[in-house]
Amino acid sequence: MDVTQASTECTAVLQTIDDAVICDRSFPEDILVGVVGRGHVLVEDVPGTGKTLTARSVATALGLSFSRIQFTPDLLPADVTGTHIFNERERTFEFNKGPIFANVVLADEINRAPPKTQAALLEAMEEGQVTVDGETRQLPDPFIVIATQNPVEQEGTFPLPEAQVDRFLVKTSMGYPDEAGEVELLRRRADRETTSPSVERVLEPEQVEQLRRAPETIRVDEDLLEYIAALARETRSDGRVEVGVSPRGTQRLFEAARAYAAITGRSYVTPDDIKRVARSVLAHRLVLTPDATVNGVDKSQVVDGVLESVPVPTVEAPDQNA
């Protein structure tokens with residue numbers, strides 16, 4: 001699949017999601033960056049904004065299997081990965097797959113699960129496999145986790161360790177719709193009998209695989225490689241930051257920029273592509289100093305400051321026919 005076709009398919013997917021979900025276009029774009037960039041997505045927002053509907057809509061539009069796991073404090077790793085069950089007729093143990101065996105897995109309120117269960121999900125996200133009773137089993141390909149957590153009601157939650165948060169390619173937020181959007185939401189609700197809108201399938205699983213390979217053909221000039229590295233290094237020297245972006249985070253910014261370029265239909269990355277994805281890729285990887293945390297410094301503000309302080313290279317658009 002070439003870049004032009006990839007952009008056309010992505011536009012169709014985004015339009016289908018827009019028809020079902022009332023939100024700013026940047027939100028489904030962030031999720032699609034995660035999908036095309038072969039990563040996972042963390043969505044942090046208040047309840048009732050449509051996070052579950054969005055995740056299900058993305059899976060349906062992409063033609064992929066979908067599973068939802070409601071994370072709770074008593075959730076065990078076996079509840080996620082699956083377990084062996086004794087078959088009395090055959091007198092053998094059979095593996096019963098858990099809900100993680102799907103292409104798109106919605107890990108709802110992931111910060112309510114205990115650390116051991118979070119760790120089981122971590123292996124799945126990083127390795128594309130799970131280990132049950134010493135036996136490793138491969139997960140479906142593609143495998144995409146869309147995890148959610150609420151910034152409210154922190155009583156009884158288990159905050160994600162920085163190492164696990166770093167596994168997400170993108171962290172984004174849906175936000176409240178504007179007044180016109182909320183009125184449209186009521187209008188749509190009044191015109192249908194079901195509570196959830198229908199979403200049409202746009203792609204087939206094999207097309208999704210081709211779509212995820214498209215960014216590998218995207219050109220990134222040397223100046224932009226240096227720009228990406230400079231952004232990451234600048235976060236480490238910021239006085240408000242205790243732990244800056246890791247080398248893995250630098251690579252993820254590179255991958256996300258290429259994915260966004262593919263979504264927009266360009267065969268090369270521009271500085272604006274990097275700026276567009278920088279906040280959603282870098283902010284959640286920062287660990288602020290205690291003073292910055294007490295003073296209410298927002299991680300996104302740190303990224304914005306880094307983008308302003310690092311000189312932007314002047315890159316000429318390459319000849320598309322070359």
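These legends accompany several close-up views of a predicted model. Local features need pLDDT of at least 70 and side-chain atom pairs count only at pLDDT 80 or more, while totals for chains, interfaces and linings use all residues. Residues are numbered from 1 along each chain as its sequence is written, and side-chain values use heavy atoms, with hydrogens and water left out.

**View 1. The two domains.**
The protein splits into domain 1 (1-212) and domain 2 (218-311). These bounds come from an automatic or database domain assignment. The domain centres, taken over C-alpha atoms, are 24 Å apart. Domain 1 brings 21 residues to the contact and domain 2 brings 20 (contact means heavy atoms within 4.5 Å).

**View 2. The area buried between the domains.**
About 1,700 Å² is buried between domain 1 and domain 2. Buried area is the accessible area (1.4 Å probe) that two parts lose on being put together, summed over both. Carbon and sulfur atoms give 58% of it. On the domain 1 side, Val3, Asp166 and Leu169 lose the most area to domain 2. Together they account for 33% of what that side buries.

**View 3. Polar links and the domain 1 face.**
Eleven residue pairs are in polar contact between domain 1 and domain 2, both residues at pLDDT 80 or more. A polar contact is a pair of N or O atoms within 3.5 Å; within protein, one must be able to donate a hydrogen and the other to accept it, and residues adjacent in sequence count only if both atoms are side-chain atoms. Helix 1 (3-20), helix 2 (26-36), helix 6 (162-165) and strand 9 (170-172) each give two or more residues to the side of domain 1 that touches domain 2. Helices (H or I, at least four residues) and strands (E, at least two) are DSSP runs, numbered from the N terminus. Helix 2 gives the most to this side, with six residues.

Side chains of opposite charge can pair when their charged atoms come close. A salt bridge here is a side-chain nitrogen of Lys or Arg within 4 Å of a carboxyl oxygen of Asp or Glu. The whole structure has 18 salt bridges. Four cross the interface of domain 1 and domain 2. Arginine 276 pairs with aspartate 30, with closest N and O atoms 3.0 Å apart. Arginine 276 also meets glutamate 29 in a salt bridge, at 3.1 Å from N to O. Here arginine 276 sits in helix 11 (residues 271-282) and glutamate 29 in helix 2, 247 residues apart.

**View 4. Two backbone details.**
A cis peptide bond joins aspartate 141 and proline 142, with omega about 5°. Proline 142 lies in the loop between strand 7 (135-138) and strand 8 (144-149). Arginine 38 has a positive phi, near 60°, in a residue other than glycine. Arginine 38 is in the loop between helix 2 and strand 1 (41-44).
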